Amino acid sequence: MKKLLLVLGLLVVLGLAVTAETYKVASDTTWPPFEWQAGTGELIGFDLDVMRLIGILEGYDVEIVSYSWDIIFIDVGSGSVDIGASGATITAEREQIVDFSMPYWTSNQAVIVLGSSGLNIASALGAGKKIGAQVGTTGAKWVQEQLIDKGVDVQLVEYTLYPLAVLDLVNGNVDAVVQDEPASRASAAADSRLAIVGVIETGEEFGFFVTNGDPKGVLPKINDGLQQLKASTAWADLIKAYMGGAELAKIEAAWTAAAPLLAAKDVVGFASALAAGATSP
Amino acid sequence: MSAGEILWQSVVPLFSALPVTLTVLGLLLVVGLALGTVLAFAQTYGRRPIRALCVSYEQLFRGIPPIVVLLFFWNGLFQSIGMPRVLVAALALGMRSAAYQSQIFRGAIQAVPAGQMMAARSLGMSRFQAIRSVILPQAFRLALPPWSNEYSSVVKDTAFICVIGGLIDLTRQAMMKVAPLSMRPGIGTQLVLPYLIILGLFYLVLTFSGTALLSLLERQLQIPGFEMKGKVER
């Protein structure tokens, strides 16, 4: 069996070397449901599967590299990795160091509090409150620009990881956490003490990004693949699988079960199997 | 699934990240030891310009935070030439450790009485022979206790290496598990703290076993009558 695997592996590697180009995709794999590490060790999530499926549609291979969030823009900017896929909001500031694809997801910021605190969205973000957010995210930026810079007396507490902000909320060290809606929904679903008191309609758009000027010419492929994907049933299936609030363990199991279809480059079949597995009762 | 089982599922990947941490730790100690020894002797016996050079190196690397050194080595220097990430991490932290180790060895060399050098030279030994056969064996013994301190310090420096993208060491692996763990329905957020304590235990075991080995080595090499002055008899 091992020998067979080795031979197969060699064939695959040889095949890749001859036929397809491989692009390195940097992603901060600490951010379910967009990207995380499954129990099997596989890096999965909405962004990563979109990347894999676009790769299949456009005929290139994708190697996912796990990055700390703050470093991704440096390394994509310098071109040592080819693509960034990490739930990144398209901003003018970031446009200066990287080139974004067309938007693929629109997100809003959700405000989470402890249900027992009795706070509503106004009081949670009101004077004297401590608000947690992940460093360098649009949630943190919103608190800074829309509250602190406008004279509201709140304190912004920044964390390297989003779950650590939630942990501090549970421990009562901050009053609220501002974070992208899907991740917030996943947290609230997992812990009954947490409640989402409101959604701030920032309407921010996520994009994949490449080195400024797109030296490898990969951006047109991403945009074209994205359009093809959105036109197929696979797009809705991916959203159903990852954004439907399913338990992460269930998505992981569905992904493992659907993985052979991914290996067989069956875009629509993979997405539909994933959605069916993740949403099955 | 019990809380213990859920926790264990997140602990298992730490074992697969352990080789990265151990490799970087091993390599950085080799780099630090080799370069640190050379620096120490150059700083003690070298001519003035060489001494000045060593002092600048030592001041530079002792004065910069490990994260900055790592980022500079990877993003600024070695990324473009395709050097493996593990080597870059080990080189960056090793060159930093060399600066600290050079001071440990310099202190140890200077703690060997000056008469030893004179005596060795008067027996007809060259300076190099005297250093190799007389000064170094004694200085090495004197350097062991502070060196074990440096060891326990660099074990934890390795937790910084994940600023090099794609390098998954113990700490980065743990950070990758924190999010899915915290989102386990019902129990997730309560498991994060125990999980981080387990991560701490990994480093504790690394530090403890290393320093225990070093103190064993210290006892093995001990020469009766030749100890640090003021040593307490137990």
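**View 1. Where chain A touches chain B.** In this predicted model, the contact draws 32 residues from chain A and 22 residues from chain B, with two residues counted as touching if their C-beta atoms, placed from the backbone, lie within 7 Å.

**View 2. Chain B on its own.** Chain B has eight helices and zero strands (DSSP runs numbered from the N terminus: helices are H or I, at least four residues; strands are E, at least two). Its C-alpha atoms fill a box of roughly 75 × 50 × 25 Å along the principal axes.

**View 3. H1 against H6 in chain B.** Helix H1 (residues 3-45) and helix H6 (residues 127-157) of chain B pack at about 140°, axes 11 Å apart (axes are lines fitted to C-alpha atoms, for helices over the stretch in contact; angles run from 0 to 180 degrees between N-to-C directions). That makes H1(B) oblique to H6(B) (under 35 degrees is roughly parallel, over 145 roughly antiparallel, 65 to 115 roughly perpendicular, the rest oblique). From H1(B), B:Leu25, B:Leu28, B:Leu29 and B:Phe41 meet B:Ile131, B:Tyr151, B:Val154 and B:Val155 of H6(B). This contact has eight nonpolar, no polar and no charged residues.

**Notes.** Residues count from 1 along each chain as its sequence is written, and chains are lettered from A and ligands numbered from 1 in written order. As the model is predicted, local features need pLDDT of at least 70 and side-chain atom pairs count only at pLDDT 80 or more, while totals for chains, interfaces and linings use all residues.

Key:
Ala, Val, Leu, Ile, Met, Phe, Trp, Tyr, Cys and Pro count as nonpolar, Asp, Glu, Lys and Arg as charged, and the others, Gly among them, as polar.
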